Amino acid sequence: MEETDYLEKLERRGIKPTAMRLLILKGMLRFSRAFSLLDLEDELDTVDKSTIFRTINLFLDHHLIHCIDDGSGSLKYSVCSNECTCSIDDLHAHFYCRNCHKTFCLRKIHVPTVELPIHFTLESINYVLKGLCEDCAERGDER
């Protein structure tokens with residue numbers, strides 16, 4: 001990606017681009033899967049942990065990233081596509097590998113719609129599939 005692409009991604013969500021925010025966004029986009037706070041801290045080892053944490057919260061508030069509770073005890077994050085508004089209609093499934101403990105966004109698999117009782121208001125959905133990822137299944141890798 002070009003520098004202008006990163007700037008546009010931030011500006012599209014109403015986030016003032018700073019050098020640190022650009023650095024953290026670039027770090028996030030290097031992951032091909034969902035990442036944890038610890039993953040991001042390891043990726044950006046020169047950046048203060050509290051700065052990373054505050055930036056994650058800012059990005060969440062502005063719907064630049066979404067949060068996944070995969071049941072591992074560690075929240076995971078993923079950068080949203082430009083079209084995503086983090087509304088219920090944009091939600092997709094996630095896959096958690098029980099072997100390597102990586103979480104993947106399955107963007108093409110939308111969460112099923114559920115009809116709720118009257119006066120119930122849906123705010124979020126957490127749809128996580130669990131099993132072995134492609135790499136672990138191919139290696140027959142069971143830890």
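**Exercise 1. Which elements cover the buried residues of H2?**

Let's work on this predicted model in steps.

*Step 1.* In H2, Leu-22, Ile-24, Leu-25, Gly-27 and Met-28 are buried, where buried means under 20% relative accessible area.

*Step 2.* Recall a rule about helices. An α-helix has 3.6 residues a turn, so residues three or four places apart point the same way. Keep this in mind as you look along the helix in the viewer.

*Step 3.* Now look at what surrounds them. The cover includes the helices H1, H3 (37-43) and H4, together with the strands S1 (35-36), S2 (65-68) and S3.

**Exercise 2. Find the residues of the largest nonpolar core that touch the most other members, and say which element gives the most to this core.**

*Step 1.* The largest nonpolar core holds 19 residues, and those touching the most other members are Ile-24, Met-28, Leu-40, Phe-59 and Ile-65.

*Step 2.* Next, trace the suppliers. At least two residues each come from helix H1 (3-12), helix H2 (19-29), helix H4 (49-61) and strand S3 (76-79).

*Step 3.* H2 contributes the most, with four residues.

*Step 4.* Zoom in on Phe-59. Setting aside residues up to four places away in sequence, Phe-59 touches Leu-10, Ile-15, Arg-21, Ile-24, Leu-25, Met-28, Leu-64 and Ile-65.

**Exercise 3. Describe the protein as a whole, from its elements to its surface and charges.**

*Step 1.* Count the elements: there are five helices and six strands, in the order α-α-β-α-α-β-β-β-β-β-α along the sequence.

*Step 2.* Take the dimensions. The C-alpha trace spans about 45 × 40 × 25 Å along its principal axes.

*Step 3.* Consider burial and contacts. Of the 143 residues, 34% count as buried. Among contacts between residues at least 6 apart in sequence, 53% join residues at least 24 apart.

*Step 4.* Finish with the surface. The protein exposes about 9,000 Å², of which carbon and sulfur atoms supply 51%. Its 18 positive and 24 negative charges have mean positions 3 Å apart.

Methods:
Residues are numbered from 1 along each chain as its sequence is written. This is a predicted model: local features need pLDDT of at least 70, side-chain atom pairs count only at pLDDT 80 or more; totals for chains, interfaces and linings use all residues. Side-chain values use heavy atoms; hydrogens and water are left out. A nonpolar core is a set of buried Ala, Val, Leu, Ile, Met, Phe, Trp, Tyr and Cys residues joined through side-chain atoms within 4.5 Å. Buried means under 20% relative accessible area, exposed over 50%, partly exposed in between (1.4 Å probe, protein chains only). Contact means heavy atoms within 4.5 Å. Accessible areas come from the Shrake-Rupley method with a 1.4 Å probe; for residues, only the protein chains shown count as cover. Lys and Arg count as positive and Asp and Glu as negative; His and the chain ends are not counted. The place of a charge is taken as NZ of Lys, CZ of Arg, CG of Asp or CD of Glu.
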